[in-house]
Amino acid sequence: MNSIQVIEATRKPLPSQHNMCLKLSQAVAELLAAEHTIVFLLDQGKSQFLGMLESETRVVDIHITTDSCPVSFVFTLQEALLSTDLIQELDAKLKLCIQNGISAIMSNESNEPLGFVLALNKMANQGIAPTEFTVQDQQLLQKLSCMAGRVVEQTLQMDTEHAKKEQLNNQYQDLQTAYATVCKDNHQLESTVRSKRITKKLTVTAAIMVSLFCLFYLFFAHYFNVAPETQDREGPQNHIQNQLISPQIERVEDFLHLSGNLQPLSWVKVNAPLDAAIEHVNFQYGDTVRQGQLLLELDQSTIQLAYRDATAAYFQSLKEFERLKNWSNSIEVKNAKRAVVRANKALQLAKERHASTNSLFQKGIVAKTELDSDWRAVSEAEVTLTMAQESLIAQQSVASDVQLKIAQLSLQNAEQKMQSLALQIEQANIHSPVQGIILPATSKQEKPSFKGGIYSGAQVVKNEPLVMIADMSGVSIDSQVSEVDLLKIKPGQSVDVRIEALNDLSLSGVIHYVDARARASKGSRSRVFNIQIQVKQLTEQQRSLIRIGMSVDTRVLIYSNPEALVIPVSAVQLEGNKKFVWVQTEQGQVIRKYIEIRTSLPQGLEVSSGLSAADKIVIGFGEKY
């Protein structure tokens, strides 16, 4: 043992452990008639012993520090405390007037030392003069110390559980705060994306307006200066050659732009397979779990008891069914058949004896009383035979078709019950059905449906939703399409998905389904239809970046023409509601050709009819040169 130092400190209010030590000290002092009792607790983390002493109106802490191992030191410290030097030091610091004392070690149920109890100054039964502690006092103190050790261990466990609960509550609060922060960030991100989307729409609208302005400008510029259907201008031939162009053959594609939010490919709900208490929880919300991973372990004690009872009932039913099935060869039926055979033989013998006696009676050899006695014997034998036959029929009816069917049904019921309980035992260990992210089970209002919480000891009810697993092997996007564009899309159509928040990460998906029922559009009289887009495969890197609820922009290819004829807007002129271009023939003549425009493009206009790739278009024809 190294140095021992006694430190005195006064402190209020008292922690639960110290308050418990004071109560133990008071109880031991009353039972031992000791003037002072100190309970010392072992603190392995700080290599010291903590004792509490209540004196008059103050509470005093006693700290005994040591440089040696506290666990081995506790076995010798109780003897050291009774040494002259330490008693004098305690007496000098605490002024207890110590005359004598005894001590005993406190230990838990595993006989691990938790500290010791020190009793000082034995009080006499009468008066206040001190006396000596006896062997009985030492034995009583040892028993009290053992009881005190168990109380201390329970108190420490309760404090530990309380600390863990506080830690879990703090973690839960942190998780709620983080979730609220994520929701706020998502809202801000959606607002940003919405603003950019509006900017894009305004830009496209401005481009269309500019194109229309150009068309109207051309119309008003050339409406009153229209040339005849065919003209021959040989004079300014060189100028016309400078204005000739050919329609460009380009690949033209048209897209329908939609927006939405990322969702898992599917939601898998995990329900409670039976009524039981949760024994172990092997996950945390937000964890990525693999298929077949153990999530929850339910208490099997009650279901195991029911399974053993069901197994016993099954074997009883099986035994009864086999007994009835082989009843025709049972001892009862064989004994009944033997009884019928014996009754038949007895009746035959009685009849033969009666016939012999009757013959003698006819000859006058025997008396009539003997003949009557033989006749009564025949009647009794007949009654015995009838009873034996009825008994045989009764025994055979035990295993009738109806009774055998009842036993068979009972056996089937017992077997099904046993198998059902065995399945419940197997399902008591709940595994993940798919790979994905585990989240709380939520209803449509986004409130947890399992109100008790997932923790060890919580009681669950059969078929109650426990958790939801987001299948992140792929993702889905819920969006809406206007009724005007409904006929442009169909299930199976390719979709280009872009996530702006992830540096325009590009994914390839398809339209999974289109709703058959229209819904009202917010802020508009038009109707919309819900659609779902699916991206069925993701790489590990994409899966690690994507988060549920992210906003995305999608682009659906609704038109593609690899050989479209494209001409500049300046080549088109208007005549009422008709559109035409000036075309130079092989003979050098300029003629008018009416055309149909399918759509306007950034690089020009796509011509659907009225023009070929070999035509030479004259731009600016009709102006004065």
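Predicted model: local features only at pLDDT ≥ 70, side-chain atom pairs only at ≥ 80, totals over all residues.

Student: Okay, so which side chain does Arg592 meet in a salt bridge?

Tutor: Glu575 is the partner, at 2.7 Å from N to O. The pair links distant parts of the chain, with Glu575 in strand 22 (residues 573–575) and Arg592 in strand 24 (residues 590–601), 17 residues apart.

Student: And Glu575, what's its relative accessible area?

Tutor: Glu575 has 29%, which means that it is partly exposed.

Student: What about Arg598, which side chain does it meet in a salt bridge?

Tutor: Arg598 meets Glu606, at 2.8 Å from N to O. Here Glu606 counts as buried, at 2% relative accessibility, while Arg598 is partly exposed at 33%.

Student: How many salt bridges does the structure hold?

Tutor: There are 15. One of them joins Arg519 to Asp515, with the closest N and O atoms 3.5 Å apart. Arg519 is partly exposed, at 31% relative accessibility. There's also a network of salt bridges that links Asp496, Arg498 and Arg555.

Student: Changing topic. What's the volume of the second largest pocket?

Tutor: It comes to about 2,000 Å³. The lining has 50 residues, and Lys201, Phe255, Leu256, His257 and Leu258 are the ones nearest the centre of that pocket.

Student: Which element gives the most to that lining?

Tutor: Helix 4 does, with twelve residues. Other elements that each supply at least two residues include strand 10 (248–271), strand 17 (465–482), strand 18 (494–499), strand 21 (551–567) and strand 24.

Student: Now helix 8. How many residues does it have, and how far does it reach?

Tutor: Helix 8 runs over residues 368–397, so to speak a stretch of 30 residues, and reaches 44 Å from its first C-alpha to its last. That is close to the 44 Å expected at 1.5 Å a residue.

Student: Which residues of helix 8 are buried?

Tutor: Leu371, Asp374, Val378, Ala381, Leu385, Ala388 and Leu392. The buried residues of helix 8 pack against helix 7 (331–362).

Student: One more residue I'm curious about is Ser432. Where is its place?

Tutor: Ser432 sits in the loop between strand 14 (429–431) and strand 15 (436–440).

Student: Is Ser432 buried or exposed?

Tutor: Buried, because its relative accessible area is 3% and anything under 20% counts as buried.

Student: What does the side chain of Ser432 reach?

Tutor: The backbone oxygen of Val434, at 2.5 Å. Leaving out residues up to four places away in sequence, Ser432 touches Val289, Arg290, Gln291, Gly292, Gln293, Leu295 and Ile469.

Student: Zooming out, how many helices and strands does the protein have?

Tutor: Ten helices and 26 strands. The protein has 625 residues, and buried ones make up 36% of them.

Student: And of the contacts between residues at least 6 apart in sequence, what share joins residues at least 24 apart?

Tutor: That share is 72%.

How values were computed:
Residues numbered from 1 in each chain as written. Heavy atoms only, no water. Helix = DSSP H or I, 4+ residues; strand = E, 2+ residues; numbered from the N terminus. Buried < 20%, exposed > 50% of the residue type's maximum accessible area, 1.4 Å probe, protein only. Polar contact = N/O pair within 3.5 Å; in protein donor to acceptor, adjacent residues only side chain to side chain. Contact = heavy atoms within 4.5 Å. Expected span 1.5 Å × (residues − 1). Salt bridge = Lys/Arg side-chain N within 4 Å of Asp/Glu carboxyl O. 1 Å grid on protein atoms, 1.4 Å probe; cavity = no way out; pocket = protein on both sides within 12 Å on 5 of 7 lines; lining within 4 Å. Points joined across faces, edges and corners; volume = space filled by probe spheres on them.
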